[in-house]
Amino acid sequence: MSPRFVTSTSIVALVAALTSIAAIPALAADGDLALTIYRNDGGSLFEGGGSPVADGYAIVHERRTLQLHGGRESLTIDGLPTTVDAEAIALDLGSNRLLAQRVLSPGDGGTLAAHRGERIEITNATGGAVMSGILVGVDSNGLNLRDDTGAMRYLRDFAGVRFVEKTGQPGSTLQVVVDGTAGSAPTTLTYPTSGLGWRAAYSALVASGAACRLRLEALASIANRSGRDYVGSQLKLIAGEPNFAKPSGGGPMMMKAMSASAPQGDLPDQASLGDYRSFTVDGSLDLPDSSITQVPLYAPRDVDCQRTWLYESGGAWFPSKPMLTPDIGASGGSPVASTLRFVAPDTLPAGYMRVLTRDSDGRSEFIGEGRINDTTREHAVTLTLGTAFDLSAGRERTAFSVDRAAREMSEGFRISLGNSGDVARTITIREHPNRWRNWKLASSSAKPVKQTPDLLEFEINVPARGKATLDYAINYVWTAADE
């Protein structure tokens, strides 16, 4: 069969069909609903409040059954999310043909604006019908209605609206013109939308004792602020960072936040999807609008870890020429940071990790939180938990000299450490000699555990309720060409 093309006359007819005064409603979704949700850390998805929001990205696959009368006709498919991408909706009608489609979103007109072209009834305070007709337009003050005589009416004061065609669900509406055979037409509807996203939520319970051991739990937090409920959804979660060329469109805040938690079932099946990682959730779940639902990613497991306490001064950089000014870097550093390090036992999608430990009363208490980037199996994860209350550090320069003729410079420092706690700690000290790139360690009271072109790292044991010091000196040299 040769291809069929739409002529300019046909285009006029299609436009007329899309704006016809009688739209045939589609039946409700058949329950075959699948969502592919991409990882997103957007704050508006997870911080609470209403919906819809512009953050997040998901592909929705659902089946609808359309009742066709045969020939060319217009139909309304409602219940789409407010944040649907109007340019990327795909409708598979089988042997029937799609001639045109249009998306109507609530916008400034609220729910009514998405149902232009449908028959409605205006009701009074007791629910009685006052007038019926086709909804033509909505503005901030009222609505335009074409009554049964064909006359246009503008209404401002009314108690309610009844959707005669039963398509008054909130969200966006898809109006289509089809040419098909009479009867029930199973239809596959696929569209992307914002307002849906997920991220990993980890918790680590650090055991007490000298050896560092933690209990790692991994959940997926799924946020729905798309402006619609998803009931009985099959979920696939995508980890990774695909490129999105155009920004998503948001909408007004409308609903209060809800919370929902998923029952513990079988763990998701993990697989590759192109260059990304997919997690297919077992069974089906409800995702109410304005909700956050959690499902397990992995079974809890025990993992070896390492606690460190870090004092760092400066950063890894070098000037364009030797810095000879005496007062540069005389003091510096930061409070002693408490850190936690472990090796990922499996692929860990990006998210946030809460770290806890058991207090003397047996309760689990929060000791810090950090963000985890996408981490593949057997790679290290390091989190900064906070500032160590019982540990202190100070830095002072003890020596400085410059011999401009010989092009040499030397500098010495003392790091003073204190521990007011009841347990001895080993504090890692990181120093960055950066007056010039050509340097060497002249002396130190402790041997460095690590030395690179821009780093000196020491580990100093500080006894309980005690103090310790580190003294070291650096020699710099340069050439005439460096000046």
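In what order do the five strands of the open sheet that includes β7 stand? The order is β10-β9-β8-β7-β11, with antiparallel pairing. The model is predicted: local features need pLDDT of at least 70, side-chain atom pairs count only at pLDDT 80 or more, and totals for chains, interfaces and linings use all residues. Residues are numbered from 1 along each chain as its sequence is written, and side-chain values use heavy atoms, with hydrogens and water left out.

**Overall composition**

- The protein chain contains three helices and 31 strands; helices (H or I, at least four residues) and strands (E, at least two) are DSSP runs, numbered from the N terminus.
- Of the 483 residues in the protein chain, 42% are buried; buried means under 20% relative accessible area, exposed over 50%, and partly exposed in between, with a 1.4 Å probe and protein chains only.
- Among contacts with a separation of 6 or more in the protein chain, 75% come from residues 24 or more positions apart, where contact means heavy atoms within 4.5 Å.
- The protein chain has an accessible surface of about 24100 Å², and carbon and sulfur atoms account for 49% of this surface; accessible areas come from the Shrake-Rupley method with a 1.4 Å probe, and for residues only the protein chains shown count as cover.

- Two strands are said to pair if DSSP finds at least two bridges between them.
- The edges of the sheet are β10 (152-155) and β11 (160-163); each has a single partner strand, so one side of each lacks a neighbour in the sheet.
- On average, neighbouring strands of this sheet are turned by 45° against each other, direction ignored; axes are lines fitted to C-alpha atoms, for helices over the stretch in contact, and angles run from 0 to 180 degrees between N-to-C directions.
- Strand β7 (residues 119-123) runs antiparallel to strand β8 (residues 129-138), and five bridges join them.
- Arg 119 has Ile 134 of β8 opposite it.

**The four-strand sheet**

- Another open sheet is formed by four strands in the order β25-β26-β31-β28, again with antiparallel pairing.
- Its edge strands, β25 (391-403) and β28 (439-444), each pair on one side only.
- From one strand to the next, the twist averages 20°.
- Twelve is the bridge count in the antiparallel pairing of β25 with strand β26 (residues 408-419), and Arg 397 has Phe 413 as its bridge partner in β26.

**Pairings of strand β16**

- Strand β16 (residues 230-239) is joined to strand β19 (residues 285-287) by two bridges, the strands running antiparallel; Tyr 230 has Leu 287 as its bridge partner in β19.
- Four bridges link β16 with strand β18 (residues 276-280), also in the antiparallel sense; here Ile 238 stands opposite Ser 278.

**Disulfide**

- The structure has one disulfide, a term that denotes a pair of cysteine sulfur atoms within 2.5 Å.
- Its partners are Cys 212 and Cys 305, with sulfur atoms 2.0 Å apart.
- The link of Cys 212 and Cys 305 is left-handed, with -100° about the S-S bond.
- Cys 212 lies in the loop between β14 (196-206) and β15 (213-224), and Cys 305 in strand β20 (residues 291-313), so the pair ties together parts that are 93 residues apart in sequence.
- Cys 212 and Cys 305 are both buried.

**Nonpolar cores**

- A nonpolar core is a set of buried Ala, Val, Leu, Ile, Met, Phe, Trp, Tyr and Cys residues joined through side-chain atoms within 4.5 Å.
- The largest such core comprises 55 residues, and Leu 35, Ile 37, Trp 198, Leu 214, Phe 342 and Met 353 have the most contacts inside it.
- Strand β14 contributes the most to this core, with six residues.
- A second, separate core has 24 residues, including Tyr 311, Val 336, Phe 413 and Tyr 476.

**Selected arginines**

- Arg 358 is part of strand β22 (residues 351-358).
- The C-alpha atoms of Arg 358 and Val 206 are separated by 7.7 Å, although these residues are 152 residues apart along the chain.
- With neighbours within four places in sequence left aside, Arg 358 contacts Leu 205, Val 206, Arg 363 and Ser 364.
- Most residues other than glycine have a negative phi.
- Arg 407, in the loop between β25 and β26, has a positive phi near 55° and is partly exposed at 26% relative accessibility.
- Arg 465, in the loop between β30 (455-462) and β31 (466-477), has a positive phi of about 50° and is exposed, with a relative accessible area of 63%.
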